[in-house]
Amino acid sequence: MPKILALASIGLTTFHRRKGMHLRDVQKLAGIGMCYGEIAELGTGEGKTVAAVLPAFMHALRGKGVHVVTANNYLSRRDYDELKPVYEGLGLTVGYVRNQNEETFDGF
């Protein structure tokens with residue numbers, strides 16, 4: 001597993017739109033915990049979606065489908081746009097599903 005986590009981390013550093021992005025220790029620990037089926041709790045702004053790249057990549061390499069669930073349409077689209085280049089750079093396909101019953105937030 002260390003090699004898979006290293007590849008995912010390199011993918012984030014290489015393909016993320018903010019070049020040179022690095023995983024913080026709390027994100028690495030959360031990602032490793034999720035790889036083992038544990039629940040990881042991170043506060044607002046601590047990078048839950050970025051941490052989820054690690055287990056998503058690991059499970060995808062094992063041939064398992066992966067869904068990363070996000071709280072609402074706005075966050076779903078934001079996270080999709082932010083991490084699509086990372087997942088594609090790691091050789092995965094990515095998409096997002098919008099909840100048709102939820103109102104769209106288009107700004108202020």
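**A residue, its surroundings and the salt bridges**

A: Ala51 is found in helix α3, which covers residues 48-51, and everything said here about its setting rests on a predicted model. The relative accessibility of Ala51 is 0%, and because buried means under 20%, Ala51 counts as buried. When neighbours within four places in sequence are left aside, Ala51 is in contact with Gln27, Ala30, Gly31, Met34 and Leu42. As for the relation of Ala51 to Arg62, these two residues are eleven places apart along the chain, and their C-alpha atoms are separated by 18 Å.

One of the contact partners of Ala51 is Gln27, and Gln27 has its place in helix α2, residues 25-35. Gln27 also counts as buried, because its relative accessibility is 3%.

Turning to the charged side chains, side chains of opposite charge can pair when their charged atoms come close. The count of salt bridges in this model comes to three.

One of them joins the side chains of Asp81 and Arg77, with an N to O distance of 3.1 Å; both residues lie in helix α5, residues 73-89, where they are four residues apart, about one turn of the helix. Asp81 is partly exposed, with a relative accessible area of 36%, and Arg77 likewise counts as partly exposed, at 37% relative accessibility.

Lys84 and Glu88 are separated by about one helical turn, because they are four residues apart in helix α5. Lys84 counts as partly exposed at 28% relative accessibility, and Glu88 is partly exposed with a relative accessible area of 42%.

The remaining salt bridge brings together the side chains of Arg78 and Asp79, at 2.8 Å from N to O. Here Arg78 is partly exposed, with a relative accessible area of 36%, whereas Asp79 is buried, with a relative accessible area of 7%.

Methods:
Residues numbered from 1 in each chain as written. Predicted model: local features only at pLDDT ≥ 70, side-chain atom pairs only at ≥ 80, totals over all residues. Heavy atoms only, no water. Helix = DSSP H or I, 4+ residues; strand = E, 2+ residues; numbered from the N terminus. Buried < 20%, exposed > 50% of the residue type's maximum accessible area, 1.4 Å probe, protein only. Contact = heavy atoms within 4.5 Å. Salt bridge = Lys/Arg side-chain N within 4 Å of Asp/Glu carboxyl O.
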